[in-house]
Amino acid sequence: MKSSVEREQLVNTLNYYEFDVLVIGGGITGAGIALDAVTRGMSVALVEMQDFAAGTSSRSTKLVHGGLRYLKQLEVKMVADVGKEREIVYENAVHVTEPIWMLLPFHKKGTFGPLTTSAGLKMYDYLAGVKKDERRLMLSDQETLEKEPLIKSKGLLGGGYYVEYRTDDARLTIEVIKKAMEKGAVCLNYAKARSFIYDDHNQVIGAEIVDTVSNKRISIHAKKVVNATGPWVDGVRALDAIENNKKLKLTKGVHIVIDQSVFPLKQAVYFDTPDKRMVFAIPRDGKTYVGTTDTFFEGDIRHPVATPEDVDYLIEAIHSMFPLVHVTSHQVESTWAGVRPLIYEDGKNPSEISRKDEVWQSEAGLFTIAGGKLTGYRKMAETIVDKISKQLGDEKYGPCVTKHLTLSGGDIGGSKQWEAFLTQKEQMALAYGLTGLEGRKLAKMYGTNVDKVFQYAQILSTITSSLPLALLAQIYYAVHEEMAYSPVDFLVRRTGMLYFDIKHFTEYKEEVVNVMKQLLHYSDEKIIVFNKQLEILLGEATLKESRD
């Protein structure tokens with residue numbers, strides 16, 4: 001991947017080259033399209049108005065899951081499609097995805113009962129093609145409590161036990177972008193589409209872009225243009241024309257993070273709330289995070305936030321299912337909120353609207369893709385690139401190859417080699433001035449790219465800094481290899497520190513700004529803006545709103 005230091009070179013390439021495909025949107029959907037198209041032999045440009053994954057793709061439940069609850073809505077094909085994708089995503093990026101056993105308890109008068117749970121999970125295994133050692137188990141009430149003693153025992157009938165896949169959604173997106181760039185795609189963050197370019201036949205042949213870092217204008221010409229902007233889909237369509245009755249309905253999902261000392265969850269749990277919605281509680285890195293809510297959203301889509309009501313709802317859900325846990329809003333360490341772009345269906349509430357994806361094309365030729373789920377990003381990309389390939393001439397381009405294509409950092413040899421890889425990197429880290437524990441943690445985050453992080457650590461080991469050497473190396477790697485431009489990019493999307501390590505976020509943020517200033521030559525005005533952004537984010541995440 002290119003460095004943020006090399007932005008000018010990328011801007012010049014975008015300005016002076018005609019591409020086969022221009023993708024607008026740098027979330028997981030746009031990233032997947034760029035990777036699919038470039039690996040078929042197409043020339044590809046991608047622009048994102050914020051940072052990569054800054055929208056919905058860093059604000060999900062952080063699960064590559066098959067949508068079990070959609071079986072209730074008879075979304076059988078969608079469950080089958082995304083269910084099969086879980087293991088594909090995992091094997092192609094074992095460093096950012098891992099299987100976890102999920103417990104689905106059922107109580108008297110609950111959403112699920114023994115028969116429906118057993119039948120649903122069995123159907124789920126069948127549709128998703130789950131391998132034998134990960135197929136569902138049915139547990140008695142006592143076995144369920146042995147798995148997770150905090151679960152409400154009153155009225156407990158038993159539980160279903162099945163496998164889902166936990167991920168880091170932002171890092172997954174960034175690894176897809178990096179792989180696309182390794183294969184030749186030209187991708188630029190902080191590049192906003194302002195208008196479309198048309199030929200004499202009123203067909204879209206590109207877009208006018210503003211690089212918001214330098215304020216330079218870029219004219220990108222392309223044979224096909226794809227609008228993959230998630231919650232912003234309708235706004236981008238409006239730059240061309242909205243000719244059909246398809247429109248988005250935005251829903252908001254909120255998650256809260258609680259320290260394990262307060263909520264010592266041993267086991268990931270998928271449970272129903274008093275109002276019959278479904279919520280996840282998942283242990284991760286010494287924390288437990290809980291979500292998601294599901295409410296219609298009409299606010300600022302760049303800044304969705306958790307409201308006190310959202311947090312109270314999730315705390316009430318925790319108390320209902322885990323009566324031994326006495327958590328209050330003051331013990332919520334951090335929160336995040338994300339906006340889901342769903343295709344509107346009249347008369348349905350937020351939880352009932354389908355998560356299926358759809359592709360359509362305007363009379364001027366602009367492709368739009370909307371809806372869908374994180375898990376299905378690769379199949380969504382295949383669908384739309386098939387259409388593009390057909391229009392450009394199938395004989396020029398090969399078939400989709402992403403099913404067995406490892407992402408950046410994923411060349412480990414598959415999941416069977418994962419533990420041996422981690423042990424090896426744990427030992428290697430010592431030679432670079434790092435501890436074995438730091439080496440293991442970095443290897444879990446960066447996969448085979450960890451060698452570059454180690455090299456930065458070795459170079460930086462003689463520098464005096466108040467930051468830990470491992471973190472300093474991560475900053476250099478993020479700027480030079482992952483196009484991190486602002487401190488927010490690094491602290492939120494490259495590391496997840498804001499959500500899962502709020503203590504160190506607060507402790508290190510000032511020095512992170514100083515280090516990135518040296519690398520990227522921020523002006524004094526930029527530093528004021530970035531510090532303000534960090535304070536706003538900290539206020540939003542910790543429910544201490546600091547916005548003017």
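Predicted model: local features only at pLDDT ≥ 70, side-chain atom pairs only at ≥ 80, totals over all residues.
In soluble globular proteins, nonpolar side chains tend to be buried together. The largest nonpolar core of the model comprises 141 residues. Within this core, the residues with the most contacts are Leu22, Ile33, Met42, Val44, Ile220, Ile475 and Leu498. When residues up to four places away in sequence are not counted, Ile33 touches Val23, Val226 and Ala228, together with Ile369, Ala381, Ile384 and Val385.

Strand β10 (residues 216-227) pairs with β1, β9 and β18. With strand β1 (residues 18-24), β10 runs parallel, and 6 bridges join the two. One of the positions in this pairing is Val21, whose bridge partner in β10 is Lys224. Strand β9 (residues 204-211) is also joined to β10 by 6 bridges, but here the strands run antiparallel. In this pairing Glu208 stands opposite Ser219 of β10. The hairpin formed by β9 and β10 has 4 residues between the strands, and Asn215 takes a positive phi near 65 degrees in this hairpin. The pairing of β10 with strand β18 (residues 367-371) is parallel and consists of 2 bridges. Val226 stands opposite Phe367 of β18; Val226 is also one of the residues touched by Ile33.

Side chains of opposite charge can pair when their charged atoms come close. Over the whole structure, 36 salt bridges are found. In one of these, the side chains of Arg40 and Asp386 meet with an N to O distance of 2.8 Å. Arg40 is located in the loop between α2 (28-39) and β2 (44-47), whereas Asp386 belongs to helix α9 (residues 377-392), so this pair ties together parts that are 346 residues apart in sequence. Arg40 is buried, at a relative accessible area of 6%, while Asp386 is partly exposed, at 37%.

A salt bridge also joins the side chains of Arg171 and Glu482, at 2.5 Å from N to O. Arg171 is part of helix α6 (residues 169-182) and Glu482 lies in the loop between α13 (469-481) and α14 (487-494); the pair therefore ties together parts that are 311 residues apart in sequence. Arg171 has a relative accessible area of 1% and is buried. Glu482 likewise counts as buried, with 0% relative accessibility. Arg171 and Glu482 belong to a network of salt bridges that also links Asp51, Glu175, Lys178, Asp489, Arg493 and Arg494.

In the salt bridge between Asp285 and Arg284, the closest N and O atoms are 3.6 Å apart. Asp285 counts as exposed, at 62% relative accessibility, whereas Arg284 is buried, with a relative accessible area of 12%.

Two packed helices are described by the angle between their axes and the distance between the axes. For helix α3 (residues 76-92) and helix α4 (residues 114-128), the axes come within 7 Å and cross at roughly 65 degrees. The crossing of α3 past α4 is right-handed. On the α3 side, the contact involves Val76, Val79, Ala80, Gly83, Lys84 and Arg86. These residues meet Tyr124, Leu127 and Ala128 of α4.

Methods. Residues numbered from 1 in each chain as written. Heavy atoms only, no water. Core = buried A, V, L, I, M, F, W, Y, C linked by side-chain atoms within 4.5 Å. Buried < 20%, exposed > 50% of the residue type's maximum accessible area, 1.4 Å probe, protein only. Contact = heavy atoms within 4.5 Å. Pairing = 2+ DSSP bridges. Salt bridge = Lys/Arg side-chain N within 4 Å of Asp/Glu carboxyl O. Axes fitted to C-alpha atoms, helices over the stretch in contact; angles between N-to-C directions. Left-handed = near helix turned anticlockwise from the far one by under 90°.
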